[in-house]
Each structure stands twice: as structure tokens, then as C-alpha cells.
Amino acid sequence: MLLAVYLFFSFNDMQTSAQTGNSGADRGLAHAVLLVLTGYLIFYFFQNTLAKKLKLQVPSSILKILFFIMGWILLVDIICTADFWSMAVQINMSLLWILSFYFFSSYVQKQAEAICLIDRFVWVVMLFYCVSEVYYIIYMMGKYNRFPVLNLAYNIVALLPWLLINPKCNKKLVYAVTIIAVFASMKRGAIISIAAMLLIETWADSKVKKKPIKALIKISIVVLALFAAFGIADYFTNGLISTRFSLEQLESGSGRMDMWGIAIKAISERNVFSFLIGGGNGSSVALLGTGVHNEWLEFLFSFGAIGLLFYIGLIISFVKQTVSMFHRAPEYAPACCAMLVFYLIISMVSTGYGGYVGFLLFGFWGYVDGLVRKKERKPG
């Protein structure tokens, strides 16, 4: 059921996305399906916990901070009388991140074959995104006669740590599929993310297995593979990737530097109260015509200095969870390192909390939380 609803949402999201040539399309149905997804997870919560009168577990620090962030966003939106629709969409997403964390944490603890089932879920979603990417590359090239830059790559990259969790994972296959899909997307942030993730995952794996020489060899192979993928993609796109990674393009960040400058200037002109609570949902879009494309700055702009502190708390909770894996459950540490690096990178150039990829991001941390709790309950 979850798979069907999620794929239906993803399909509607892509159908109305500017990234797929549908700028200005009505996204109402996508938001409605997202609400259905939230409703399903609420039903799961009541059916599996409250209805059975099960004792709720002490929530992890990540779940606690997610509740604080949702509460703060709601309070700020009420104070700032934010646009109702923008507020409703964001609150629904905030609640969904909490529910996705709970669902995967609870599911993996209750189902004996949970890792296998979740692995299948992730592979189906990965296949769906890869096929969709191929379709939209062909579609956009036919329509605009140019190689498109697709945000779909972020969803594919977010699935990588999920697959690495499974001890039976074929890493070579996972790496190959992800690298090909990411370079085909032309998305700079995704390319940088996958490079950093593969390197940090290889390092963490060597630290867990205590094989530094073997790790050095693996890292060298990964670097060579990435350069080879870059060269092949650059050849088939007639130098487009090289152009996108030119100094001039990197400095401008597709206009991000200008947006950040405008946002910072607007923040500096606020009074103390506005600086502390921000402008509410939709305030950055009202100023820039789009989001700030930097989650740290977005939180400061929309939810104030207090909101930014909550966000920093979320990042700290990710770091603490990742570090703790090295002694609580070392087998999950490499995947956690990869997801942490991914989140940190997209937080600088895009958004994790404020984007639909959040379902995969926060669901992953719930998945790890459940795996660790399940492991620590076993005798011995």
C-alpha cells in the first residue's frame, strides 16, 4: 500500500514539476496525494500502536527535534499570518517526516523480514526513478533540443544509503546504477553528493573493518570510477558537464549567490522580533520568486533565528546518531555517514526538510533507529 501511494505521488510530482518542463502547472493533485500518504501513516500509527495499547518507546533525539520544528513552524505561520495553502503544505510535510521516521522504525522492529522487504521497496522506487529519468531526458531533449538538468537525481542519491544498510547488498551494482543515473541527470549538487558519499562510505567501512590499506585501494578505485564517469558523460553531452563545473558557473551557483545576497540583506533590515521569528512560510518565495536554495538561510529567513537554532539541533542529532553507530551498530555506520554527508551538501545548495526528498531522508533515520533498537533488544 505504501509503495503504491508513494509511487503515485512521485508520478504526479514529476508531471507538474518545472524540472520536467511543466513550469506553472497546478500541483494540487500532488499535494492531495501527499496528504493521502500522511493519512495512511497516521492510520498505521493508530492501528499498530494506540489500537493495540502498546507502550510507546522513548523517541530518539531526531524525532524529538522534528516535533519541535513542526511546532515552531506552525507558531510562526500563525503569528505572521502566512498564506494558508503554503502553511498547510509545509505542516503536512513536517508531520509526514515525523510519521515516516516512526513508520520505518516501528516496521523494522516488528517484521522479521523487514530488511528484505524494505530493500525490495527501495529497489522498485529506484527503478521507477531511473526509468522516469530516462523518459524525461528523451522528452526534454525532443522538446527543447538540450540536455535537461533533473532534480530526480536527488531522490536516487537518497536511496543509496538505504541499499547499503542491507548486508547482502551488491555494492558494485548499487554504485554503478547510482553513478550512471546521477551523471545522466546533469545535476551538480547530486554529482558532488555522490562523490562525497562514496568516499565517506568507503572510509567508514574501512574504519569498521580496520583495513586501512584495502580502504586506500578502494578509495583510489572510486576516484578513478568517478573521473571516468565524468569524462564519459562530458563526451556524450558535448562538454556540458565541464561547462557546468567551470569556475564561473560554480561561483554564480545558477544565480544562488544573488538570491543569498538579497535574502541576507532583507534579514539584516529586520527588527529584533522579526529576526527572531522570521517571515513565515512563503515569505522567501514572495521576495525571490522561489526558495532561498540554502536550507540554513531558508530557516533563518522564514522561521527566524530561533528556527535556525532548531535546525542546527536537527543537524547535531544526525551527527550524534552517526557517531554512535560506530560503537552501537558498526555495520550501519558507513550508510549513516553517507546519508549525513548527503544531507549536509543538499542543505547548502537546495533543501532536505523543505523538499519531498524528506520522506526518504527522515525515513532512513527511522529505519536505522529501528534496526538498532531491535539489535539491542536481542540477548547477548
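Predicted model: local features only at pLDDT ≥ 70, side-chain atom pairs only at ≥ 80, totals over all residues.

Student: How far apart are the end C-alpha atoms of helix 7?

Tutor: They are 21 Å apart. Helix 7 covers residues 171-185, which is 15 residues.

Student: Which residues of helix 7 are buried?

Tutor: Val174, Tyr175, Thr178, Ile179, Ala181, Val182, Phe183 and Ser185.

Student: And what covers them?

Tutor: Several other helices do. The cover includes helix 5 (114-144), helix 6 (152-165) and helix 8 (188-209). Helix 9 (212-236) and helix 10 (240-244) are also part of it.

Student: What follows helix 7?

Tutor: Met186 does. Met186 sits in the loop between helix 7 and helix 8. Its phi is positive, near 70°, and it is not a glycine.

Student: Why point that out?

Tutor: Most residues other than glycine have a negative phi.

Student: Is Met186 buried or exposed?

Tutor: Met186 is buried, with a relative accessible area of 2%.

Student: Where does His293 lie, and what is its phi?

Tutor: His293 has a positive phi of about 65°, and it is not a glycine either. His293 lies in the loop between helix 14 (283-288) and helix 15 (295-328). His293 counts as partly exposed, at 28% relative accessibility.

Student: Switching to charges. How many salt bridges are in the whole structure?

Tutor: The search finds seven. One of them pairs Asp205 with Lys171, at 3.8 Å from N to O. Asp205 is in helix 8 and Lys171 is in helix 7, so the pair ties together parts 34 residues apart in sequence.

Student: Are those two buried or exposed?

Tutor: Asp205 counts as buried, at 9% relative accessibility. Lys171 counts as partly exposed, at 26%.

Student: What about Glu376 and Arg328?

Tutor: Their side chains meet in a salt bridge too, at 2.9 Å from N to O. Glu376 lies in helix 17 and Arg328 in helix 15, so this pair ties together parts 48 residues apart in sequence. Glu376 is partly exposed at 46% relative accessibility. Arg328 is partly exposed as well, at 29%.

Student: Which residue does Arg373 pair with?

Tutor: Asp369. The closest N and O atoms are 2.9 Å apart. Both residues lie in helix 17, four residues apart, about one turn of the helix. Arg373 counts as buried at 18% relative accessibility, and Asp369 counts as buried at 8%.

Student: Which residues are joined into a network by shared partners?

Tutor: Lys171, Glu201, Asp205 and Lys209 are joined into one network.

Student: Back to helix 17. What does Val372 touch?

Tutor: Val372 is in helix 17. Leaving out residues up to four places away in sequence, Val372 touches Met325, Arg328, Ala329 and Tyr332. Val372 counts as buried, at 2% relative accessibility.

Student: And Gly354, where is that?

Tutor: Gly354 is in the loop between helix 16 (333-349) and helix 17 (358-377). Neighbours within four places aside, Gly354 is in contact with Gln90, Met93 and Glu295. The C-alpha atoms of Gly354 and Ser94 are 8.3 Å apart, although the two are 260 residues apart along the chain. Gly354 counts as partly exposed, at 34% relative accessibility.

Student: New topic. How many disulfides?

Tutor: The count is zero. For Cys116, the nearest cysteine sulfur is that of Cys169, 13 Å away. The cut-off for a disulfide is 2.5 Å between sulfur atoms, so that distance rules one out.

Student: What about Cys336?

Tutor: Cys336 is in no disulfide. Its nearest cysteine sulfur belongs to Cys337, 7.2 Å away.

Student: Last one. Which residues form a nonpolar patch on the surface?

Tutor: Phe8, Phe11 and Leu29. Together they have about 300 Å² of accessible area. Phe8 is in helix 1 (residues 2-15). Phe8 is partly exposed, with a relative accessible area of 45%.

Note on methods. Residues numbered from 1 in each chain as written. Heavy atoms only, no water. Helix = DSSP H or I, 4+ residues; strand = E, 2+ residues; numbered from the N terminus. Expected span 1.5 Å × (residues − 1). Buried < 20%, exposed > 50% of the residue type's maximum accessible area, 1.4 Å probe, protein only. Contact = heavy atoms within 4.5 Å. Patch = residues over 30% accessible without salt bridge, like charges linked within 9 Å, V, L, I, M, F, W, Y side chains within 5 Å. Areas by Shrake-Rupley, 256 points an atom, 1.4 Å probe, with all protein chains shown as cover. Salt bridge = Lys/Arg side-chain N within 4 Å of Asp/Glu carboxyl O.
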